[in-house]
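User: I'd like to learn how to read the overall features of a structure like this one. Could you walk me through it?

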Amino acid sequence: MTILALTGLIWIGSLLAGFLGALTGLGGGVVIVPLLTLVFGVDIHYAIGASLVSVAATSSAAAAVYLKQGFANIRIALVLELATTLGAVGGAVLALQLPTAAIAVLFGLALLLSAYLSARPPQPRPEPQAADKLAEALELAGEYPDAAGPQSYQVRSVGIGFGLMGVAGMLSGLLGIGSGALKVLAMDQVMGIPFKVSTATSNFMIGVTAAASAGVYLSRGYIDPGLTMPVMLGVLVGSLLGARVFIAAKPKLLRPVFAGVIALLAVQMIAGAFGGRFVDGAL
Amino acid sequence: MERSDGDRALQKQMGLLLRAGVLISAAIVAAGGGLYLAGEGAGIPDYGVFHSEPDELRSLFAIVESARALDSRGLMQLGLLVVLATPVAGVVLELVTFARRRNILYVGIAAIVLAVLVHSLMSS
């Protein structure tokens, strides 16, 4: 196959991933690495580099829309970015040390977690409690627009949320994913932040987190422009199309189906790692 | 309420900044991609085995040099750098905004995040 043909196929695959990711709210980034490695036979290091840049582009585009509407909380993002950026640098450095097969297994486990989190029924949000002292000192409380007028909210469990964000950042740096599912979980379920604000703030943070580990990836030569070009442009266009359809219709069936596809890819990644599919090439 | 008005303005500026960064980046990547496919589209791809990128695509200044020479790979890599630099520019905007409001606590937080980002990107 020529470069032209492969670029076209990767562009179409990435467009589909971005479209389904936006339509289901799961993000397309999580399927990019399995798509590139399992379907197109790309080395996992190049795949992770391409995924990381594409995730940063897509989440920044989504965050721009949320920011305009007034959902993202910049203070919460900035405080939690302390944890995600340090975690991301650590994860990227760790990725350089681990054997390729170990990264593939970890990736499979992260996919399974992501599929589980998205397939389970919506959890009841914990009862709103008083903001904790740290949240008050940091003035994290905010408000978001609603049909019934601006709704204000408090923030709690800043410490636990901060720790979870460190883990999310580490996974992002290690695997080249946005860790959006874990970020939203930490803010929505643990810190008691409204779901829409959590989603918007998570998208906003993903770009900063990705930038923190990208320097390490770039200097080690993980980011190949010829490969990343169709992935980034495909995911970007796909997710913009998906977001439009998402506003028009709320596809309930698609979410479990996409979660099923993710679980299947997870099993493939883990089985591939044990079957000797991911071996360390010339480094 | 002065605080939430100030945050609202920052949200709007940040939204514009991110949108501009993504658009500029996509345009540069697409232009470089067109040149790349026109020049090397008939070649055989080699992504199966990892052997790291050449030096001119691995460091900040080398990428800018290579893009100025209108090298197609250099142009695409520059576009990818722009998308990674956009959130960093966002943190700079936060730093400036909180400094103007004399919010020392948030100036400090933004400064630490910025230091981590700049250190990571400059180490390349």
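**Burial, fold and shape**

Analyst: In chain B, 44% of the 124 residues count as buried. This is a predicted model, where local features need pLDDT of at least 70, side-chain atom pairs count only at pLDDT 80 or more, and totals for chains, interfaces and linings use all residues. Residues are numbered from 1 along each chain as its sequence is written, chains are lettered from A and ligands numbered from 1 in the order in which they are written, and side-chain values use heavy atoms, leaving out hydrogens and water.

User: How many helices and strands does chain A have, and in which pattern do they follow along the sequence?

Analyst: Helices (H or I, at least four residues) and strands (E, at least two) are DSSP runs, numbered from the N terminus. Chain A has 11 helices and 2 strands, in the pattern α-α-α-α-α-α-β-β-α-α-α-α-α. Its radius of gyration is 18 Å, close to the 19 Å that the globule rule gives for 283 residues, so chain A is as compact as a globular protein of that length. That radius is taken over C-alpha atoms, and the rule is 2.2 Å times the number of residues to the power 0.38.

User: Where does UniProt place the transmembrane regions of chain A?

Analyst: UniProt positions are in the numbering used here, with feature names shortened, and annotations may be inferred rather than shown by experiment. The unreviewed entry places "transmembrane region" at several spans of chain A, including 74-95 and 160-182. Residues 74-95 of chain A are 100% helix and 0% strand, with end C-alpha atoms 29 Å apart. For residues 160-182 of chain A, the span is 83% helix and 0% strand, and the end C-alpha atoms lie 13 Å apart.

User: How do I read the contact percentage in chain A?

Analyst: A contact means heavy atoms within 4.5 Å. Among contacts in chain A between residues at least 6 apart in sequence, 79% join residues at least 24 apart. For chain B, the corresponding share is 61%.

Terms used
Buried means under 20% relative accessible area, exposed over 50%, partly exposed in between (1.4 Å probe, protein chains only).
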